[in-house]
Structure formats: C-alpha cells, structure tokens
Number of protein chains: 8
Amino acid sequence: MKVLILMGSDSDLPVMKKAADVLTKFGVPYKMTVASAHRTPERVTSLIKEAEAAGCGVFIAAAGMAAHLAGAVAAQTTKPVIGVPLNASLNGLDALLATAQMPPGVPVATVAVDGAANAAQLAVQILAVADAGLAKKLVAHKKEMADAVLKKAAALGA
Amino acid sequence: MKVLILMGSDSDLPVMKKAADVLTKFGVPYKMTVASAHRTPERVTSLIKEAEAAGCGVFIAAAGMAAHLAGAVAAQTTKPVIGVPLNASLNGLDALLATAQMPPGVPVATVAVDGAANAAQLAVQILAVADAGLAKKLVAHKKEMADAVLKKAAALGA
Amino acid sequence: MKVLILMGSDSDLPVMKKAADVLTKFGVPYKMTVASAHRTPERVTSLIKEAEAAGCGVFIAAAGMAAHLAGAVAAQTTKPVIGVPLNASLNGLDALLATAQMPPGVPVATVAVDGAANAAQLAVQILAVADAGLAKKLVAHKKEMADAVLKKAAALGA
Amino acid sequence: MKVLILMGSDSDLPVMKKAADVLTKFGVPYKMTVASAHRTPERVTSLIKEAEAAGCGVFIAAAGMAAHLAGAVAAQTTKPVIGVPLNASLNGLDALLATAQMPPGVPVATVAVDGAANAAQLAVQILAVADAGLAKKLVAHKKEMADAVLKKAAALGA
Amino acid sequence: MKVLILMGSDSDLPVMKKAADVLTKFGVPYKMTVASAHRTPERVTSLIKEAEAAGCGVFIAAAGMAAHLAGAVAAQTTKPVIGVPLNASLNGLDALLATAQMPPGVPVATVAVDGAANAAQLAVQILAVADAGLAKKLVAHKKEMADAVLKKAAALGA
Amino acid sequence: MKVLILMGSDSDLPVMKKAADVLTKFGVPYKMTVASAHRTPERVTSLIKEAEAAGCGVFIAAAGMAAHLAGAVAAQTTKPVIGVPLNASLNGLDALLATAQMPPGVPVATVAVDGAANAAQLAVQILAVADAGLAKKLVAHKKEMADAVLKKAAALGA
Amino acid sequence: MKVLILMGSDSDLPVMKKAADVLTKFGVPYKMTVASAHRTPERVTSLIKEAEAAGCGVFIAAAGMAAHLAGAVAAQTTKPVIGVPLNASLNGLDALLATAQMPPGVPVATVAVDGAANAAQLAVQILAVADAGLAKKLVAHKKEMADAVLKKAAALGA
Amino acid sequence: MKVLILMGSDSDLPVMKKAADVLTKFGVPYKMTVASAHRTPERVTSLIKEAEAAGCGVFIAAAGMAAHLAGAVAAQTTKPVIGVPLNASLNGLDALLATAQMPPGVPVATVAVDGAANAAQLAVQILAVADAGLAKKLVAHKKEMADAVLKKAAALGA
C-alpha cells in the first residue's frame with residue numbers, strides 16, 4: 001500500500017471514490033476506509049501506524065464541517081498528508097478553513113472542496129518524485145487532459 | 001480540580017487569562033496549561049485522563065485557525081467540552097467554524113470568538129447544576145452585571 | 001423535567017425532533033414547545049420560570065435567521081443554555097453568528113448549524129456531571145458510536 | 001421625548017453620540033441611555049413602557065456581536081425600531097446579520113454597520129411623516145449635503 | 001396612495017406580493033410597480049415625484065444582486081425608504097450589503113433578505129406614528145401573532 | 001477629455017490619485033471630480049452629459065460601502081463604465097459586490113478593491129482599441145513591468 | 001473576429017451562449033472556444049496571438065472556482081480582457097474574487113457571477129468607442145430595455 | 001536545487017523568508033526568486049524548465065489577491081506544487097480560494113494564509129518520501145516541536 005485514504009463517514013464514499021479511481025488508473029496500490037477523528041481517534045492512530053509499517057508514503061483524509069481528520073493524521077505522521085474538505089454544510093467553507101488553516105509545524109496539503117480526484121493526483125505526484133515510471137505516466141496524463149480540451153473545442157466547431 | 005483549561009499555544013495566554021480570572025472569582029479550582037492537538041496529541045490524551053481522575057467536570061479548550069483542540073478533547077471524554085475560537089487569522093471566522101461545526105455525537109459547546117470569560121462562566125453554570133452554592137453565586141453575579149449596567153446608565157445621566 | 005427545548009417556530013420541528021430522540025434514548029425527561037423571543041417574549045419568560053421550578057437543569061433553544069432565542073433565554077436564567085442555529089437563510093451563517101457571538105456575562109453553548117442531536121447530547125453531558133447513571137450511559141454511547149464506524153469500515157471491506 | 005436611543009454598553013457611546021448630534025441638529029427631543037437585552041432585559045422592557053408613555057415615536061437600538069437589542073425592543077413595541085449594528089467583532093458582519101435578519105412580524109429597520117448618524121436621520125424622516133416642520137428641515141438638509149459635495153468638488157478644482 | 005412599492009423586475013413579484021398582502025390587510029392604500037434604477041432611472045424619479053404629490057408617506061424598494069434601487073429612491077426623497085434585499089445570487093448577501101451599507105445622509109431602512117412582509121409592516125408602523133387607527137391595528141396584530149404561536153405550541157401538545 | 005473619474009467623496013482622493021497618475025503617464029486627458037450617486041444624483045447626470053459632449057470615451061467611478069456610483073453612471077450612458085470598489089468597511093467586500101453584481105443590460109467593468117491604478121490602465125486599454133499610439137505605449141508599459149520584476153529578482157540575487 | 005470568447009470547460013457553454021447571443025444581436029463577429037489556463041496554457045497563448053492577428057479587439061474569459069483564465073489572458077495581451085466568474089462552487093464567490101482581485105498592471109474587467117450577457121455587452125461598448133454604428137445600436141438597445149420595463153409595469157396594471 | 005520558491009512580488013519576501021529558513025534548517029538546497037504569473041508569464045515557464053532540469057522536486061508558489069501563481073506553475077509541471085495564499089487583501093480569503101479551488105487534473109497543495117513555514121515543511125515531507133535521511137530529520141523535528149510545547153507548559157507552571 002502506497003496511499004491510505006481515510007474518510008470521516010461512509011456517506012463520503014461517492015465523493016471519495018473518485019480518488020480511488022485515479023489511484024487505480026495510475027496503478028498505485030492504496031487502501032480506503034472509514035475512520036473518524038472524533039468517534040474513533042484510536043483507530044486513526046492505529047491505521048496510521050499500520051499504514052506506515054506497510055510502506056504507505058502519502059495519506060489522504062477527507063471530512064466535512066469542522067473537518068479535523070486531515071489535521072489529526074498530520075499530528076501523528078511525518079509523511080505528507082493531503083486534506084479533502086467536503087461540502088457537508090456552508091458550501092464546504094467550514095471544511096476548507098478547518099483543513100487548510102493549520103498551525104506552523106503540522107501542514108496539510110489542502111485541495112479544493114470535494115476535490116477527491118485532485119487529492120489522488122497530488123498523491124501520485126508526490127510518489128512520482130522518486131518513481132520515474134509514475135512520473136512518466138503523469139506526463140502522459142497531462143497530455144491526455146490537454147487533448148481532451150482540444151477535442152471539446154473541436155466539438156464546439158472552433 | 002474541577003475545570004481543565006487547555007490552550008494550543010502560550011501566546012493564547014493573554015486572552016485565556018480571563019477564563020482563569022472568572023473561575024477564581026467563583027472559587028472553582030482549575031488547572032490551565034498548554035497542549036496542542038497537532039504537536040502534542042498524546043499530551044492532550046494524558047492530560048484528559050489525569051484531569052478526569054482528579055475529578056474534573058468540565059474542559060475548556062481554546063485554539064485559533066483550524067481550531068481542532070476542543071474537538072480533539074471532545075473525542076476523548078464524555079464530560080462537557082467548551083470551545084473558545086481564537087482570533088489568529090480571518091477575524092477568527094476559521095476558528096469559530098472549526099470549533100462549532102462538530103459532527104453528530106461529539107458536541108463542543110462553542111462560545112464567541114475570544115470569549116474566554118464566557119467559557120469560564122459557562123463552566124461554572126455547568127458545575128452549578130449540582131452545586132447549590134455555585135448556583136447562588138451565579139444569581140448574585142447576574143445581579144451585579146445588571147447593576148453595573150444601571151451604574152453606567154446613571155453615569156450617562158440617563 | 002430536566003431539559004426544556006424551545007424552538008422559534010413549529011416549522012423547526014423536523015430538525016429539533018432529533019434532540020427529543022436523543023433525550024428519550026438517554027431517559028432524560030424533557031419538554032419541547034414553541035416560543036418566540038420576538039413574538040412571545042413573555043411566554044419565553046414564563047416558560048423559563050416554570051421549567052426552573054420543575055427542576056429543569058438545562059435549556060436548549062433553536063432558531064434561525066437573527067436567532068435571538070437562545071440569548072433571550074440566557075438573559076433570564078443562570079442555568080446552562082444550549083443554542084442550535086437553524087439554517088433558514090444564508091446557509092445558517094446568520095443564525096450561527098447570532099447564537100455564538102454573545103457578549104461577556106451571558107454565554108450560550110452553541111452547537112453546529114442544525115445540530116439538534118448534539119445539543120441534546122451536550123445537555124445529557126451537562127446533567128451527567130452530577131448523575132453517575134447518565135455518565136455511564138454516555139460512555140456506552142461513545143463506544144457504540146465507535147463500533148458503528150468500525151462496522152461501516154468493515155462494510156467497505158477495509 | 002420623541003426618540004429613545006438604547007445602546008448595549010457605554011463603550012458604544014463614541015459611535016452613538018453621532019445619532020444624538022443629528023437629533024439635536026433637527027431639534028428632536030430624545031433620551032439616550034445604556035440597556036442590555038442580555039444583562040438587563042427588564043430594564044429594556046420598562047424603558048420602552050416609559051418611553052411610549054412619554055410620547056416616544058421611534059426607537060433606536062445599537063449593539064455589536066450577536067446584536068439582539070433592536071430585536072428585543074421590536075418584540076415589545078409596535079413603534080418603528082431602528083437597529084444600528086456595531087463593529088465589535090468580525091468587522092460588524094455578525095451584528096449586521098443579527099440585526100437585519102428578523103423573522104416575519106417583527107421588523108427592524110437596519111442601517112449600515114456603525115451607521116449611527118443615519119439611524120437618527122431615519123428617525124427624523126419617520127417623525128416627519130406627520131410633522132411638516134421637520135419635513136422642511138429634511139429638505140433643507142438634503143440640499144446642504146449636496147452643496148457640501150459641490151464645495152468639495154470645487155476644492156478639487158474640478 | 002400611502003406607500004409606493006417598487007421592484008427592479010417583474011420576476012420579483014412572487015416575493016413582493018407578500019408586502020402588498022400586508023398593506024391590504026391593514027387597509028393602507030398602496031401602488032406597486034416595476035422600475036429599475038439601472039434600466040429606467042428617469043422612471044424612478046418621476047414615480048417618486050408622482051407618489052409624493054399623491055401623498056405617499058413611505059417607499060418600499062426591492063432588488064437583488066447589486067441592489068441599488070432603494071438607495072436610488074433614497075437619493076431623491078426625504079421620506080423614509082425601506083429596502084428589501086432579494087436573493088437573486090450569493091444567497092442574497094450581495095443585495096443585503098448593497099441595500100444596508102448606505103453612506104451618511106442617505107439612510108435606507110433595510111429588512112431581511114426576501115423580507116417583503118416585514119417591509120410592509122414597517123411601513124405600517126411608520127404611518128401609524130401619526131395614525132391612531134393604524135396603531136391600534138398593529139397592537140391587535142401583535143396579539144394575533146402571539147396567539148398563533150400559542151396555538152402552534154398547543155398543537156405540539158406542550 | 002477622454003476619461004471622467006468620479007468618486008463618491010473627497011476622502012477617496014488618496015486612493016484615486018493613482019488612477020490620475022496612470023492616465024497622466026499615458027498622456028490621456030481626463031477630468032477627476034467628486035459626485036455622489038446618493039447626495040448629488042443630478043450632478044452625476046449632468047457630469048455624464050457634459051463629459052459625453054466633450055468626447056469622453058470611458059467613465060471611472062469609485063465608491064465604498066453600498067457602492068452605487070458606478071451603477072448609477074452605467075444607467076445613464078452606453079460608454080464603458082469602470083467601477084472601483086473602495087475599502088470603507090467590511091474590507092471592501094460590500095463595495096465589491098455592490099459594484100460587480102450588476103443586472104443584465106447594465107454592465108460595470110469591475111476591478112479589485114482599491115484598484116484605482118488598474119481602473120485607469122483598463123481605461124487606457126479601452127481607448128487604445130482605436131488609438132494605435134496608445135496601444136504601442138501599453139506594449140511598452142507591459143515590457144517595463146516585466147523588466148521591473150526581473151530587476152527585483154536580480155536584487156534578491158536569484 | 002472582433003471578440004474572442006474563451007471558457008475553461010465545455011460545461012460552461014449553457015451560460016456562455018448568452019454572450020454569443022448578445023454579440024450576434026449587435027452584429028459583432030466573434031469566435032467562441034474552450035481553452036483552459038491550467039490544462040492547455042499554450043493553447044491559450046496561441047489563441048490570443050491568432051486572435052490579435054485577426055483583429056480581435058476584446059477578450060472575454062469565463063471560468064469557475066480558482067478562475068484564472070481571464071488573468072492568464074490579461075497576462076499576455078494589452079487588449080481589454082473581460083472576466084466572467086462562473087458559479088461552479090461556493091455560489092461563485094471563489095471565482096468572483098479570483099477574477100476581480102488582480103494585481104496592479106494586469107486589470108481584468110470583471111462582471112457579475114454568471115454575467116455572460118453583460119460581458120458581451122461590455123465588449124460591444126468597448127468596441128463602440130471607435131464605431132459609431134455600434135454606438136447607435138447601444139443607444140437603441142438601452143431604450144428597448146427601458147421599454148421592456150415599462151411593458152412589464154403595464155402588465156402589472158400599474 | 002531540490003525546491004524552487006517563487007513569489008509574485010518582492011514585497012512577499014518577509015513572509016516567504018520563513019520558507020527559506022525551514023529549508024535551510026533541513027539542509028534542503030533551494031532557489032528563491034520573484035516571478036509573476038501576470039507580469040512575467042514567460043519567466044515563470046523558463047524558471048520551471050530550468051528548475052526541472054536542475055533536479056527540482058517540489059515547487060512552492062506564493063501570491064496574494066487573485067493568487068494565480070501556484071496554479072500557473074501547476075499548469076506547466078507534473079511535480080508537486082505547494083501554494084501559499086498571502087494576505088494582501090480581504091484577510092487573504094481571496095488568495096486562499098484562488099489557490100485551493102483548482103479544477104480537476106491540476107492540483108495545488110494549499111497551506112494556510114501566510115503559511116510559508118508549513119509550505120517548506122510540506123516540501124521537505126514530500127522529498128523525504130524517497131530520502132531516509134530527511135525522513136529521520138522530520139521525526140526529530142516533530143519531537144522538538146512537542147518538547148517546545150512541554151517547555152512552554154512548564155513555564156506556565158502547569
């Protein structure tokens with residue numbers, strides 16, 4: 001396992017499935033599960049320990065409202081932690097602020113509200129720093145994205 | 001000790017001293033210390049354990065920015081937890097949302113931004129539910145507050 | 001009666017029923033009724049008086065928009081008052097600020113927007129400070145919540 | 001007395017003095033005093049009763065944070081109530097929402113954050129509906145304002 | 001005509017009809033029409049002139065987005081102007097700020113977002129300052145509102 | 001005169017002077033004066049008329065709070081109108097929304113809060129659409145800006 | 001081609017079609033296509049070059065979220081650039097700020113959230129500075145708009 | 001060079017110096033320079049190319065207002081890009097949204113407003129995924145942070 005995806009509730013699955021899809025596409029082994037910073041703080045701790053022992057290089061944590069999960073993970077590891085603020089109330093502004101505004105010494109790499117796919121891609125980019133094969137796939141993916149835009153432009157007849 | 005006051009950083013002391021002053025005024029024994037949900041998560045856990053063993057009835061937790069401290073305390077106790085959002089950025093709006101918007105099952109009793117005195121008074125009100133002496137002091141204090149308003153009105157000559 | 005739940009309008013009932021459900025689950029006697037700080041200020045006053053006479057230990061007040069109900073209750077009692085900001089406009093941000101930003105001397109223990117269940121649980125936590133039976137139930141409830149997360153995680157196959 | 005100006009705290013006086021100045025300029029008798037919706041709810045009630053008995057036609061209420069004073073006055077009179085949200089935190093956004101977002105049946109005529117002078121002028125406009133002398137002064141005042149703009153423009157040499 | 005209701009667009013009619021209903025209920029003669037500060041500024045000016053000539057005592061102006069209509073009316077009359085911010089975008093926050101945050105000398109009496117009924121009631125309250133019959137109706141209406149709350153409370157069985 | 005700069009108050013001059021400086025630098029004749037949409041609506045109208053007669057091609061209007069000036073100008077001309085929201089309260093968010101959120105048919109070209117220099121540069125860009133000399137100066141200016149960045153980078157030794 | 005309309009994604013087409021409709025109505029030749037500042041930065045550059053070579057006088061760029069497209073265009077041209085913030089999240093507030101708050105030297109003429117029609121009309125107004133025929137059409141269009149308001153008012157019977 | 005730090009203006013240096021200090025402390029070679037997405041887009045492109053050729057593994061980009069720099073870098077590399085929103089207006093909320101709310105396919109790892117030190121630490125964490133020496137230093141640093149909290153707690157006598 002290279003990436004551990006944690007989400008605060010199983011109701012977050014429809015959004016977070018997109019993160020899993022991206023990791024699958026890039027061939028990055030991951031584990032995705034439910035763990036709550038508030039309801040199961042000890043489970044969060046043991047999942048992090050296990051993941052690190054299993055060679056996990058990046059954590060993704062998704063939560064809504066007073067979104068503490070990513071910060072709670074960051075408190076217990078020195079691996080990069082990516083936070084996905086979820087829109088569960090206030091258009092996700094509460095979760096965005098609760099994820100991004102971390103104090104010095106405990107950074108969380110925050111993506112957009114409901115930005116699950118980008119969280120996974122960022123995880124791939126981080127792992128690719130030391131994995132030339134992944135790095136190549138990212139370059140190819142960037143070209144695919146550009147091509148998709150061109151195709152859409154062509155479909156507009158312009 | 002009846003109340004444990006935790007703050008995320010010693011720079012929060014000038015604001016949180018007001019909470020201590022209120023508890024002192026009401027004769028409620030307390031302990032006030034620094035503990036960070038992100039930098040010393042284990043210390044938070046052990047402080048809660050010790051406080052509960054020492055008969056602590058209410059927790060007050062103050063933090064700014066992505067203010068997770070109160071939520072982290074609430075995750076580990078069934079005692080009432082009062083959260084004080086501190087104005088460290090964005091006028092304290094980030095801390096207010098990160099403190100108040102807790103998910104079902106893990107409430108934090110949130111007071112106003114920088115509302116340290118009110119946090120302490122709320123702690124006294126909670127303890128007074130089963131302490132007739134404290135309850136009496138609260139009634140007297142309420143009267144004092146009203147009298148202070150009258151005195152100010154008189155000073156305005158109206 | 002140990003808890004009095006007030007709401008500004010009967011249209012708030014679908015949200016506030018969750019507070020009643022939590023109190024019922026914990027076996028805490030309560031009364032729930034409609035009273036408006038703006039349309040029936042005297043009714044609010046008399047309900048508080050009656051409730052206190054009947055041994056009420058905690059008040060829960062829910063309102064939307066310029067949510068003054070919790071503050072109006074707090075102005076007239078020294079018991080703990082829990083405020084539930086309701087989402088009636090502006091995603092509930094107006095009600096959250098109108099409930100939480102109370103001035104010194106008159107605290108309201110504010111929970112999340114539409115956080116009725118948490119308001120009731122906080123009331124139980126407050127009453128449990130002096131009720132060992134309730135305190136035990138809270139510990140059991142916390143374990144149930146954690147178990148529910150584990151079950152959901154297992155259902156995800158992870 | 002035609003206008004009663006209430007403010008939540010004597011620290012609001014520097015801002016609210018501008019309301020008094022405007023009323024003085026227009027020759028409208030007023031009383032200005034301190035009364036808190038939260039600390040002295042009964043005083044608010046008795047001040048309203050007295051003012052109405054004394055012929056008061058308009059109320060001005062100024063408060064910051066969870067600014068309930070104007071709403072509390074509106075709950076107890078059928079006279080027009082003007083609310084002045086004060087900037088005591090969050091740039092006054094909390095007070096603005098807590099003053100303006102009143103529920104159906106209990107309007108508060110809200111002016112800008114710290115808009116004390118406008119509150120008084122609005123009170124004069126309301127009283128002028130049935131006072132031809134005041135109405136004339138308002139027309140003259142409007143012309144003065146326009147002239148002041150012209151003078152400033154001239155000073156800019158344009 | 002005692003009240004002139006202006007709205008920026010005929011799409012505002014479903015909301016503003018509530019203002020007309022309140023005025024009808026109180027027996028206050030009014031005129032309601034469409035006029036845009038931006039598309040028909042001259043029409044706004046002539047409508048104000050006509051209304052004042054016809055004895056209009058209060059203006060109500062409703063608009064969404066960069067809601068300038070109430071301010072544009074206030075610029076051209078010394079009668080009280082009530083502004084209704086409409087929710088056409090950003091939950092109505094843009095319209096609320098554009099209506100309430102008027103500069104010194106040109107007040108707009110702002111009500112809640114989409115607060116058409118309250119705008120009309122405020123107009124009645126203003127007219128009632130010099131109309132004992134209306135004042136009586138307002139007192140009766142306040143009692144009705146309180147009774148309605150009591151009836152709802154009774155329906156809840158509490 | 002090619003550009004007319006209007007500001008709501010002479011207190012806006014320190015910010016708006018930057019607009020004048022940019023126009024001077026590009027050699028674009030302009031007039032800058034004070035005119036309030038709310039205090040001198042007729043002056044706004046006559047200034048627009050005069051400016052158009054004098055060959056004015058672009059209007060710049062700056063105001064704070066419920067910033068209606070740019071919209072009021074746009075209501076009375078078909079020339080491009082540039083709006084500068086000024087920070088007079090709420091960090092300028094009120095003025096930004098009141099300037100940008102214009103309804104269909106009456107656009108205002110809005111720049112950043114206190115963005116006076118950019119407003120002037122945008123005016124130059126608009127006039128340059130049909131003025132090859134100005135267009136050339138803009139290209140040179142863009143290069144100057146880039147060079148200034150390079151110089152700063154060099155000063156950092158990087 | 002006089003106007004180039006760029007949008008970040010083909011999902012923006014339903015909103016941006018209104019811009020095309022306005023340009024068609026005024027007989028202004030335009031090109032509309034998809035180009036992403038983030039996925040196809042080079043395409044943006046080459047489209048700008050081509051458009052300028054083809055005589056394009058104004059650019060319109062529409063994007064949601066962290067809306068950089070208009071700024072990216074403004075970085076590479078000295079022609080006027082009009083930005084349309086799209087509501088893709090947070091009610092469009094993110095896109096509005098990301099479009100309007102440009103630094104000195106690189107202005108973007110920002111219109112309302114989803115204000116596609118106004119963007120096109122502003123483009124026409126800019127082109128009309130040097131095109132008397134277009135200028136005439138704008139005057140006629142302004143009259144049409146006013147007439148439409150009058151017709152709506154008549155339909156309301158007022 | 002392992003990290004390239006870009007900032008939009010040399011006025012950002014006092015904040016961004018903290019990023020450099022952290023990298024120095026961890027012994028990570030870096031380059032820090034000024035480059036503007038809007039004023040020098042080509043320089044941004046060439047700096048990225050050079051940095052990648054020189055073995056740069058992570059980019060840090062800091063900007064205020066409509067903060068496009070991090071997004072512009074992310075558009076041109078597949079390496080991880082860390083964005084630092086700077087408080088230049090609106091308390092940094094504009095920069096936070098413009099940095100974090102990136103569209104699918106182009107993530108920016110966003111840290112807190114003015115969170116320069118955390119950006120650098122996140123860069124170290126990313127590089128440490130494949131650098132056991134750095135990873136060890138991070139563990140030591142985490143312990144230092146915890147010790148610092150304990151020392152502060154001791155200084156408070158608690």
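Lys143(G) is exposed, with a relative accessible area of 51%. In this predicted model, Lys143(G) forms a salt bridge with Asp147(G), and the closest N and O atoms of the two are 3.0 Å apart.

## Charged pairs

Side chains of opposite charge can pair when their charged atoms come close. How many salt bridges does a search of the whole structure find? Over all chains, the search gives 32 salt bridges. Three of them are worth a look in the viewer, and they are set side by side here.

| Salt bridge | Closest N and O atoms |
|---|---|
| Lys143(G) and Asp147(G) | 3.0 Å |
| Lys25(F) and Glu144(F) | 3.0 Å |
| Asp10(B) and Lys152(H) | 3.7 Å |

Take the pair in chain F next. Lys25(F) forms a salt bridge with Glu144(F). Lys25(F) sits in helix H1 (residues 13–25) of chain F and Glu144(F) in helix H6 (residues 132–155) of chain F, so the pair ties together parts that are 119 residues apart in sequence. Lys25(F) is partly exposed at 47% relative accessibility, and Glu144(F) is partly exposed as well, at 44%.

The remaining pair in the table is Asp10(B) with Lys152(H), joined by a salt bridge. This pair crosses between chains: Asp10(B) is in the loop between strand S1 (3–7) and helix H1 (13–25) of chain B, while Lys152(H) is in helix H6 (residues 132–155) of chain H. Asp10(B) is partly exposed, with a relative accessible area of 31%. Lys152(H) is partly exposed too, with a relative accessible area of 32%.

Some chains have no contact with each other. Chain B and chain G do not touch either, with their nearest C-alpha atoms 16 Å apart.

## A helix with two sides

Now turn to helix H2 (residues 41–53) of chain A. It has 13 residues and reaches 19 Å from its first C-alpha to its last, close to the 18 Å expected at 1.5 Å a residue. Which residues of H2(A) are buried? They are Pro41(A), Arg43(A), Val44(A), Leu47(A), Ile48(A) and Ala51(A). These residues lie on the same side of H2(A), because they cover an arc of only 155° around the axis. Glu42(A), Lys49(A) and Ala53(A), on the other side of H2(A), are exposed.

What do the buried residues of H2(A) pack against? Within chain A, their neighbours are strand S1 (3–7), strand S2 (30–34), strand S3 (58–64) and helix H3 (69–74). Helix H6 (132–155) of chain C also takes part in this packing. After H2(A) comes Gly55(A), with a positive phi near 90°.

## Empty space inside

Rolling a probe the size of a water molecule over the atoms shows where empty space is left. In this structure, a search finds nine cavities of 30 Å³ or more. The largest cavity has a volume of about 840 Å³. Of the 33 residues that line it, the closest to its centre are Leu93(A), Leu93(B), Leu93(C), Leu93(D) and Leu93(H).

Helix H4 (93–100) of chains A, B, C, D, E, F, G and H supplies at least two residues of that lining from each chain. H4(A) gives the most, with three residues.

Thr99(G) is placed in helix H4 of chain G. Is Thr99(G) buried or exposed? At 3% relative accessibility, Thr99(G) is buried. Leaving out residues up to four places away in sequence, Thr99(G) touches Ala67(G), Ala70(G), Gly83(G), Pro85(G), Val108(G) and Thr110(G).

Asn91(C) is found in the loop between strand S4 (81–86) and H4 of chain C. Its phi is near 60°, a positive value in a residue other than glycine. Asn91(C) is partly exposed, at 22% relative accessibility.

In chain E, Leu90(E) lies in the loop between strand S4 (81–86) and H4. The phi of Leu90(E) is positive, near 50°, and this residue is not glycine either. Leu90(E) counts as buried, with a relative accessibility of 11%.

Methods
Residues are numbered from 1 along each chain as its sequence is written. Chains are lettered from A and ligands numbered from 1 in the order in which they are written. This is a predicted model: local features need pLDDT of at least 70, side-chain atom pairs count only at pLDDT 80 or more; totals for chains, interfaces and linings use all residues. Side-chain values use heavy atoms; hydrogens and water are left out. A salt bridge is a side-chain nitrogen of Lys or Arg within 4 Å of a carboxyl oxygen of Asp or Glu. Helices (H or I, at least four residues) and strands (E, at least two) are DSSP runs, numbered from the N terminus. Buried means under 20% relative accessible area, exposed over 50%, partly exposed in between (1.4 Å probe, protein chains only). The expected span of a helix is 1.5 Å times one less than its number of residues. The arc is that of the directions from the helix axis to the C-beta atoms. Contact means heavy atoms within 4.5 Å. On a 1 Å grid over the protein atoms alone, a cavity is a set of points where a 1.4 Å probe fits but cannot get out, and a pocket is an open set with protein on both sides within 12 Å along at least five of seven lines; lining residues have an atom within 4 Å of a point. Grid points are joined across faces, edges and corners, and a volume is the space filled by probe spheres set on the points.
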